[in-house]
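Let's take a friendly walk through a protein model, one region at a time. Keep the picture beside you and look up each residue as it comes along.

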Amino acid sequence: MASKNKVIIDTDPGTDDVLALLYALSSSPTDLEVALISITFGNIDVQNCLRNVVSMFHVIEKEMRWRKDNGRPEGFDALKESKPIIAVGADEPLGGERMKAAYYHGADGLGGVHTSHPHHSSPSETWSHLFDKPPPETLLSSTATKSTHSMPSTSEVSHLFTPSSSPSHLEILEILSREPPNTVTIIAIGPLTTVATTAAHSPSTFLRAKQVLVMGGAISVPGNMTPVGEFNTIADPVAAARVYALTSPDVASTMPPPGSAAGLPDEYPSKQVGAERLKVVKFPLDITSQHQLRRDESLVKITPLAEQGSPLAEWVLAFLTATFKKVETLHHGHEVDGASTHISLHDPLCVWYALSGEVQAGEWGLKEGEDIRVETIGQWTRGMCVVDRRDRKRAKEGEEAVSGDMGDWLSWKKGNRIDRCVSTPGERLLAGLLLNSIFG
């Protein structure tokens, strides 16, 4: 059964990341195939992120057995059709200090669910060694695009995923080199460190990607970490700048300053970039924050299933309950235990677009070719997404540079060209689609 969309999901699993993964894995196999789940640092450290993903598969496995035993459809059809590889990516940013969002997601990334519901967590000793790197003499070179997988015994591995001992960026390059050009979408819902590392190791292979869907940034709304900085972008602004630069007619025009990215070249080799440009569709806080999951609608859907013994419902309800309580302590306008308390579905929105962005193209609004640049060195503006708000005329193709335009913001041949999502089929639709896909 051929999938319409083969995707790679690069994620730092906190609450909405896990919801996005469950949404993707429970979709129809004709709509989506998750080829790889790449784990990056972000909301929490990379090892806790990995534990959350492995635990998620552990719970899904229990859930499918429970549904079958109770005469219910097992669900998770995309997962049953094709099990993804799981690989570990970046554990720190390319430049600057490592940041976390444990204040929101909890120390384990899921509101303490591993402590409150340990029976749903797979003990680390049963799986953590599956992702260990092989001995030095068998390590792949840094420029290789082929990957090797560890081969643990079948009894040690979930039937639902394939663990890899190779770093994520090599797995991504392997998939992109194997699949036809413009057929694989990268859904990036964490810091862009691993994505930037992939691009640096083989720009020509990376540019075979159909598109990169990025949850990140704030354009005309406040940030969620600083007044101007959204977490995924501020966690590694250098990585974001390097990825976005590949959308530019002149890649060098928006690259971060030399020496910004530890261990990576300052420039992309022109021979490897050529005339190809990356398509980035950006989902900033401006649009993601408008798509919400309310406490009352989640309780109506999930609580009855949890009471009937659904492992997945019990697990998801636990970390959602913790997250709703955290939201009440952080933001104005949320009553304690109020029905309208909500979380924003930042990451699931990207999955929704991957599922429907083409088939419902007329219902999605994109501002195409926008010059969005990332501040990488500002004292107070690290991670800020900068756009030109001046009322100035842009140079038309073939015209000379506009005088008095520092940074060439008005140039037709410089600056980034990013498609930004500005409207969707409906702000209140996503929560229902998500819940129905995951829980039936």
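Start with Asp 371: a polar atom of its side chain lies 2.8 Å from the backbone nitrogen of Asn 416. Keep in mind, as you look, that this is a predicted model. Asp 371 sits in the loop between strand 10 and strand 11 (373-374). The side chain of Asp 371 also joins the side chain of Arg 373 through a polar contact of 2.9 Å. Is Asp 371 buried or exposed? The relative accessible area of Asp 371 is 8%, and buried means under 20%, so Asp 371 counts as buried.

Now turn to Glu 171, which has its place in helix 6 (residues 168-178). Glu 171 has a relative accessibility of 1%, so this residue is buried as well. With which side chain does the side chain of Glu 171 make a polar contact? The partner is Ser 164, at 2.5 Å. Glu 171 also shows how a fold brings together parts of the chain: Ile 39 is 132 residues away along the chain, yet the C-alpha atoms of Glu 171 and Ile 39 are separated by 12 Å.

**The sheet**

Next, find the strands. Strands of a sheet pair through backbone hydrogen bonds, and they can do this in a parallel or an antiparallel way. In this model, nine strands make up an open sheet with mixed pairing, and their order is 4-3-2-1-5-6-7-13-10. Which strands are at the edges? They are strand 4 (162-163) and strand 10 (365-370), each of which pairs on one side only.

Strand 1 (residues 6-11) pairs with strand 5 in the parallel sense. Strand 5 and strand 6 run parallel to each other, and so do strand 6 and strand 7. Strand 7 (residues 280-283) in turn runs parallel to strand 13 (residues 418-423). The table gives the number of bridges for each of these pairs, with one pair of facing residues as an example.

| Strand pair | Bridges | Example of facing residues |
|---|---|---|
| Strand 1 and strand 5 | five bridges | Ile 8 and Ile 186 |
| Strand 5 and strand 6 | four bridges | Thr 185 and Gln 211 |
| Strand 6 and strand 7 | four bridges | Leu 213 and Val 281 |
| Strand 7 and strand 13 | two bridges | Val 281 and Asp 419 |

Another link is that of Ala 188, whose bridge partner in strand 6 is Val 214.

How many of the residues of strand 5 are buried? Strand 5 (residues 184-188) has five of its five residues buried, so it is mostly covered. Val 184, Ile 186 and Ala 188 point one way from this strand, while Thr 185 and Ile 187 point the other way. Strand 6 is mostly covered too, with five of its five residues buried. On one side of strand 6 are Gln 211, Leu 213 and Met 215, and on the other are Val 212 and Val 214, with both faces covered.

Searching the whole structure turns up one cavity of 30 Å³ or more, and the volume of the largest cavity is about 40 Å³. Its lining is made by Gly 190, Leu 192, Val 214, Met 215, Gly 216, Asn 232, Thr 233, Ala 240 and Tyr 244. Strand 6 (211-215), helix 9 (231-235) and helix 10 (237-245) are the elements that give two or more residues to this lining. By type, the lining residues divide into five nonpolar, four polar and no charged.

Finish with helix 2. At its start, a side-chain oxygen of Asp 45 reaches to within 3.2 Å of the backbone nitrogen of Gln 47. How does its length work out? Helix 2 (residues 46-69) has 24 residues, and at 1.5 Å a residue it should span 34 Å; the C-alpha atoms at its ends are 35 Å apart, which agrees. Of the 24 residues, 18 are buried, so helix 2 is largely enclosed by the rest of the structure. Just after helix 2 comes Gly 71, with a positive phi of about 70 degrees.

Key:
Residues are numbered from 1 along each chain as its sequence is written. This is a predicted model: local features need pLDDT of at least 70, side-chain atom pairs count only at pLDDT 80 or more; totals for chains, interfaces and linings use all residues. Side-chain values use heavy atoms; hydrogens and water are left out. The expected span of a helix is 1.5 Å times one less than its number of residues. Buried means under 20% relative accessible area, exposed over 50%, partly exposed in between (1.4 Å probe, protein chains only). A polar contact is a pair of N or O atoms within 3.5 Å; within protein, one must be able to donate a hydrogen and the other to accept it, and residues adjacent in sequence count only if both atoms are side-chain atoms. On a 1 Å grid over the protein atoms alone, a cavity is a set of points where a 1.4 Å probe fits but cannot get out, and a pocket is an open set with protein on both sides within 12 Å along at least five of seven lines; lining residues have an atom within 4 Å of a point. Grid points are joined across faces, edges and corners, and a volume is the space filled by probe spheres set on the points. Ala, Val, Leu, Ile, Met, Phe, Trp, Tyr, Cys and Pro count as nonpolar, Asp, Glu, Lys and Arg as charged, and the others, Gly among them, as polar. Two strands pair if DSSP finds at least two bridges between them.
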